[in-house]
Amino acid sequence: MNSHQIDQIFNFLDTVNKSEKTFDDFSKWDEYTDRSSGKLRYVTAIQLNGILGGGVSIRITTPKETWEVDVYGQIEVRPPRMKRSLRVNPIEWRPLRPHVNSATAPSPYGLQQYFDRWHPYDLNKPLGIGAFDQSDKGVATPLPRAISSFSEYLELCSEIWKCPDVKGIPTPPWSPQLTF
């Protein structure tokens, strides 16, 4: 990828980050298998400033067999001719493992470890495309406030992503069965 293409991608990501967003349509949770365990995902296309297009969606995933654990959401951008999607402002709540920033992360985040976290766009943009397609390690920061329920998680996502429709996502259909 040449520098002109990278500049075009970041110009679009800047627009995605700054725009007011609305759902094109409300979706439903669906189930899929990831590494032999059941997962739930909610994916819906979004409009930027009232305009649909550009391959932008919101994706939230969580394990099926647990409640309010390992919830991961992001704005997802699928640029043409790229193998990987780009994630903008991912927000992780009660993940299974912490994220440890690299020693080269901007101060005061170098070598910091976080469980509940998000990856702010403006902090990661200087790192290049790799921070967005996960080919390089991004910089995480703690969530701006404590979250104690799925509805509070959606409220925070709504604010960070500038997308009020996120608050209308239904609770995931977590399985009532215990697994061992």
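The sulfur of Cys-163 lies 9.9 Å from the closest cysteine sulfur, that of Cys-157, which is too far for a bond. In general, a disulfide is a covalent bond between the sulfur atoms of two cysteines. The working rule here is a pair of cysteine sulfur atoms within 2.5 Å, and by this rule the count comes to 0 disulfides. Cys-157 is in no disulfide either. Cys-163 counts as buried at 0% relative accessibility, and Cys-157 is buried too, with a relative accessible area of 0%. Here, buried means under 20% relative accessible area, exposed over 50%, and partly exposed in between, with a 1.4 Å probe and protein chains only.

A word on the model: it is predicted, with local features needing pLDDT of at least 70 and side-chain atom pairs counting only at pLDDT 80 or more, while totals for chains, interfaces and linings use all residues. Residues are numbered from 1 along each chain as its sequence is written, and side-chain values use heavy atoms, leaving out hydrogens and water.

Next come the strands. Strand 3 (residues 37–48) and strand 4 (residues 51–63) run antiparallel and are joined by 9 bridges; two strands pair if DSSP finds at least two bridges between them. Helices (H or I, at least four residues) and strands (E, at least two) are DSSP runs, numbered from the N terminus. In the hairpin of strands 3 and 4, with 2 residues between the strands, Asn-49 takes a positive phi near 50°. Strand 4 is also joined to strand 5 (residues 71–77), again antiparallel, by 6 bridges. Arg-59 of strand 4 stands opposite Val-43, and its bridge partner in strand 5 is Gln-74.

On a 1 Å grid over the protein atoms alone, a cavity is a set of points where a 1.4 Å probe fits but cannot get out, and a pocket is an open set with protein on both sides within 12 Å along at least five of seven lines; lining residues have an atom within 4 Å of a point. Grid points are joined across faces, edges and corners, and a volume is the space filled by probe spheres set on the points.

The largest pocket has a volume of about 910 Å³. Its lining has 33 residues, and Arg-35, Lys-39, Thr-61, Tyr-72 and Glu-92 are the closest to its centre. The largest cavity, at about 30 Å³, is lined by Arg-87, Pro-90, His-119, Asn-124, Ala-131 and Phe-132.
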